[in-house]
Amino acid sequence: MTSVVILDYGSGNLRSAERALRRVGADVEVTSDRRAALEADGLVVPGVGAFAACSEGLRSVGGDRIIGTRLAGGRPVLGICVGMQVLFERGVEHGEEAKGIGEWPGTVERLNADVLPHMGWNTVRAPADSELFAGLDNDTRFYFVHSYAVRRWELESDLPGVAPKVTTAHHGEDFVAAVENGPLWATQFHPEKSGDAGAHVLRNWVRTL
């Protein structure tokens, strides 16, 4: 059975994510143990709340180094919601800037939308060759709850076959809803709260491990 560690750093829907991953057949452990996080087939980095608090919490358990070590060895990592956001260089909330772990360039900032938070079900626009969304219709909806997002994808690659696959969604403006970049994948929405559609996405990820 495929082993997955959900990294416990004091933030995230840990038990919801655990149940969702068990539902798709993974052997799941919720822990902050470095060795377990490094050795698992897949690592999930959840996150809810403020960017700065999540970034600080992640560093407090050595999560930045765990993620870096896994990626250096080509070992899969999945970030969810703020667990996706902290993978970027920085976040700006209420006029204050906080440092992310910098796996991707870019800034997490407040969406330009009439209604915030963006809370509820929304479609996404995934690349045709997406593995994460394979088998899902274009009108499939996922559950979002956030006011901040990456509004511009900044990492570019002109090497054929290796360019990141970036999925977008729209709420007031376009924003990054998911990324597939080698072993590092992430979603702004909550697959663990997205019912059958979210289970399908998680199953697609687990199948790559």
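Phe133 is buried in this predicted model, with a relative accessible area of 7%; buried here means under 20% relative accessible area, exposed over 50% and partly exposed in between, with a 1.4 Å probe and protein chains only. Residues are numbered from 1 along each chain as its sequence is written. Because the model is predicted, local features need pLDDT of at least 70 and side-chain atom pairs count only at pLDDT 80 or more, while totals for chains, interfaces and linings use all residues; side-chain values use heavy atoms, without hydrogens and water.

Rings of Phe, Tyr and Trp (its six-membered ring) pair if their centres lie within 6.5 Å, with planes under 30 degrees apart called stacked, over 60 edge-to-face and the rest tilted. The count by this rule is 9 aromatic pairs. One of them is the tilted pair of Phe133 and Phe189, at 6.0 Å centre to centre and 55° between the planes. This pair joins distant parts of the chain, 56 residues apart: Phe133 sits in the loop between β8 (118–123) and β9 (141–146), and Phe189 in the loop between β13 (184–187) and α6 (195–207). Helices (H or I, at least four residues) and strands (E, at least two) are DSSP runs, numbered from the N terminus.

Phe189 is buried too, at a relative accessible area of 0%. Phe189 also forms an edge-to-face pair with Phe144, with 5.7 Å centre to centre and 70° between the planes. Here strand β9, which holds Phe144, is linked to the loop between β13 and α6, with the two residues 45 apart. Phe144 is buried, at 0% relative accessibility. Finally, Phe133, Phe142, Phe144, Phe175 and Phe189 make up one aromatic cluster.
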